[in-house]
Structure formats: C-alpha cells, structure tokens
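I opened my notebook to get to know a structure that was new to me. Here is what I looked up, entry by entry.

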Amino acid sequence: MREMTLASGAVRFHHAPIFGLVCGLLGLNAETSQKTYLFITMRDVVSAATRLNLVGPLGAAVLQHQLAANAEELSKKWMNRPVEEACQTNPLLDTIQGCHGYLFSRLFCS
C-alpha cells in the first residue's frame, strides 16, 4: 500500500486501513485491532452526541455501556471480511448528508 501510494505521488489514506496498518506494525492481532477500531468509533459517536448536547456525560457513559454487547455481536459477525466485501450503502444517510449545513445552527445557535 505504501509503495503504490508513494509511486502515484498523491497521499490519500482512509482512517481504517491506516489504523489497521499501524496495529499490524505494533504486533496486534486482527481481532484486537478490529475490536479496538469499533470501540474508538463508538466512543467518538457517543462523544459527538455529548458535544451536541443530545445526551449528558453520564448518559453517554451508560449508553456506551449498553451498546457494548451490540458492538461485540457486530464485531463477531463482520470480523475478517475480505476486501471485496468492504462496502456500505445507506440511502438515508446519503440523503441527510445534504443537510450538513444545518448542523452549524445546532452547534452554535442553541
């Protein structure tokens, strides 16, 4: 991956592959790396909800604890998929993404 990117002259990486690459260089196995990435993503989403005042700090901790069992199930279900299956579709989120500009009003005018 490194050689191909450097040869193209453009450095563009997505977070997940780089995270996996770094975990591999640190000697972490695939299961630990994938579970860690899922935990970090879940923590970041709950943290964003806290910053938007959608949930309080204590509620966020409870929410994260409640989601842990679901995250473990998802981790087992989707672990070690081949790269050919690495895609996602979500028409609802694609539609809502067009409303990203309204987030400003939620962040700074509440």
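**Entry 1: a serine to start from.** The model is predicted, so I kept that in mind. I began at Ser33, which sits in helix α3, residues 30-51. Is Ser33 buried or exposed? Its relative accessibility came out at 10%, and buried means under 20%, so Ser33 counts as buried. I then looked for its contacts, skipping neighbours within four places in sequence, and found Phe19, Cys23 and Leu28.

**Entry 2: the largest pocket.** Next I turned to the largest pocket, with a volume of about 1,600 Å³. Of the 35 residues lining this pocket, Ala16, Tyr37, Leu38, Trp78 and Gln88 are the closest to its centre. Which helix gives the most to the lining? I found that α3 does, with ten residues. Helices α2 (15-25), α3, α4 (57-78) and α5 (91-97) each supply at least two residues. I also sorted the lining by class: 19 residues are nonpolar, twelve are polar and four are charged.

**Entry 3: along α4.** I did note a kink of about 35° in α4, centred on Ala68. Which residues of α4 are buried? Among them I listed Ala60, Gln64, Ala71 and Ser75. An α-helix has 3.6 residues a turn, so residues three or four places apart point the same way. The cover over the buried residues of α4 includes α3, the helix that holds Ser33. After α4 comes Asn80, with a positive phi near 60°.

Note on methods:
Residues numbered from 1 in each chain as written. Predicted model: local features only at pLDDT ≥ 70, side-chain atom pairs only at ≥ 80, totals over all residues. Heavy atoms only, no water. Helix = DSSP H or I, 4+ residues; strand = E, 2+ residues; numbered from the N terminus. Buried < 20%, exposed > 50% of the residue type's maximum accessible area, 1.4 Å probe, protein only. Contact = heavy atoms within 4.5 Å. 1 Å grid on protein atoms, 1.4 Å probe; cavity = no way out; pocket = protein on both sides within 12 Å on 5 of 7 lines; lining within 4 Å. Points joined across faces, edges and corners; volume = space filled by probe spheres on them. Nonpolar A, V, L, I, M, F, W, Y, C, P; charged D, E, K, R; others polar. Bend = angle between axes of the 7 residues up to and from the residue.
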